Amino acid sequence: MAVLTIAKAINEGLRAALAGNPKTLLIGEDIGELGGVYRVTDGLKREFGASRVVDSPLAESGIIGTAIGMALRGYRPVCEIQFDGFVFPGFNQITTQLAKLHTRSDGMLSAPVVIRIPYGGGIGSVEHHSESPEALFAHTAGLRIITPSNPQDAYWMIQQAIDCADPVIVFEPKRRYWLKGEVDITAPSGDPFTAHLLTHGSDATIVAYGPLVPVALAAAKVAEQDGRSVEVIDLRSISPIDFDTVTESVKRTGRLVIAHEAPTFAGIGGEIAARISERAFLSLEAPVIRVGGFHMPYPIAKVEDQYLPDIDRILEALDRSFAY
């Protein structure tokens, strides 16, 4: 058992993957000598060499396209996109090519490409550095999308993504990179495409993922002081979504609040709300309520705290739910 930050846990997970399979390699901008903007790949080039940890040109489309070609030749490439807002030059490669290769080849080809994307706000950065574009990718069939919220998941989920035969996008919550927690390097944290029930409760369910999981847990603790028993679910996987775990929880509690940093309009929360309304309509004591970012471009850093969902906004959503 070790105490690691999320960033260090991903680093150790990548190290284990590189050591375990000579066909695994990393490719991205400044990931070698610099160790990445957030130092997530720090030390890996020194340990495994420039042919395994490749500093690429500033060309996201080229990074993804090269990785697709390498995957078709039997390699396990792991791409790093420096910031969420920089992924869009590679969007066509991901959604038009990578996601469809397996189906287009009638199952004869697989493209086990992993794409790491630091995402979300809360770091006081400039334009194009605080986006949450997960819904744009989740709409594309053929991609798996996961997001760890703690070091244990970060260590294991990056390795599980690399082992997966399908393309996997790993959205890493950048403002949580320095969050510390225990990591058991001998015990995987389960199927990465299933949700985890973090707290048990009887009155309401909060579903969150990535950067908002600590906020949801904090909101549940405050609600407990008011006599409300709240279950918190870490979704972990955005595609596929573990609707069974969410449905079972809502059938116990009767209320559901969904929280994510991305805008609520056409977001992942809307898909969950619709599915739960179909699956557990007779169990619901109130409408499903979504908490998220506003339908606007991400604001400048000095006002981002007013944009990002916080404890108060989740508690206000719970109050609205209990008012029915």
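A: Helices (H or I, at least four residues) and strands (E, at least two) are DSSP runs, numbered from the N terminus. The model is predicted, so to speak of a local feature takes a pLDDT of at least 70, side-chain atom pairs count only at pLDDT 80 or more, and totals for chains, interfaces and linings use all residues. Residues are numbered from 1 along each chain as its sequence is written, and side-chain values use heavy atoms, with hydrogens and water left out.

Start with a loop. D30 sits between β2 (24-28) and α2 (44-48). Its phi is positive, about 65 degrees, although D30 is not a glycine. Most residues other than glycine have a negative phi, and most peptide bonds are trans. D30 has a relative accessible area of 36%, so it is partly exposed (buried is under 20% relative accessible area, exposed over 50%, partly exposed in between, with a 1.4 Å probe and protein chains only).

Now the helices. Two packed helices are described by the angle between their axes and the distance between the axes.

Take α7 first. Helix α7 covers residues 151-163. Its 13 residues should span 18 Å at 1.5 Å a residue, and the end C-alpha atoms are 19 Å apart, which agrees (the expected span is 1.5 Å times one less than the number of residues). Of those 13 residues, 12 are buried, so α7 is largely enclosed by the rest of the structure. The buried set is P151, Q152, D153, A154, Y155, W156, M157, I158, Q159, Q160, A161 and I162.

One partner of α7 is helix α1 (residues 6-20). The two pack at an angle of about 30 degrees, with axes 8 Å apart (axes are lines fitted to C-alpha atoms, for helices over the stretch in contact, and angles run from 0 to 180 degrees between N-to-C directions). α1 and α7 are therefore roughly parallel to each other (under 35 degrees is roughly parallel, over 145 roughly antiparallel, 65 to 115 roughly perpendicular, the rest oblique). Their crossing is right-handed (the near helix is turned clockwise from the far one by less than a right angle; anticlockwise is left-handed). From α1 come I6, A9, I10, E12, G13, L14, A16 and A17; from α7, P151, A154, Y155, I158, Q159 and I162 (contact is heavy atoms within 4.5 Å). By class this contact has 11 nonpolar, two polar and one charged residues (Ala, Val, Leu, Ile, Met, Phe, Trp, Tyr, Cys and Pro count as nonpolar, Asp, Glu, Lys and Arg as charged, the others, Gly among them, as polar).

Next, α8 (residues 213-225) and α12 (residues 311-322). Their axes lie 9 Å apart, at an angle of about 55 degrees. That makes α8 oblique to α12. The crossing is right-handed. V215, A216, A218, A219, V222 and A223 of α8 meet I311, I314, L315 and L318 of α12. The contact holds 10 nonpolar residues, with no polar and no charged ones.

Then α9 (residues 243-253) and α10 (residues 268-279). The axes come within 10 Å and cross at roughly 60 degrees. The two helices are therefore oblique to each other, and α9 passes α10 in a right-handed crossing. α9 brings F243, D244, V246, T247, V250 and K251; α10 brings E271, I272, R275, I276 and R279. By class they divide into five nonpolar, one polar and five charged.

V250 is in α9, and at 0% relative accessibility it counts as buried. Beyond four places in sequence, V250 contacts T205, R255, L256, I276, A280, S283 and L284. V250 and S239 are 11 residues apart in sequence and 20 Å apart C-alpha to C-alpha.

S239 and P240 are joined by a cis peptide bond, with omega about 0 degrees. P240 lies in the loop between β12 and α9. Strand β12 (residues 237-239) includes S237. S237 counts as buried, at 0% relative accessibility. Its contacts beyond four places in sequence are I145, I146, P192, F193 and T194. Y209 is 28 residues from S237 in sequence and 8.1 Å away, C-alpha to C-alpha.

Last, the loop between β13 (256-263) and α10, where A266 is found. A266 has a positive phi of about 60 degrees, although it is not a glycine. At a relative accessible area of 60%, A266 is exposed.
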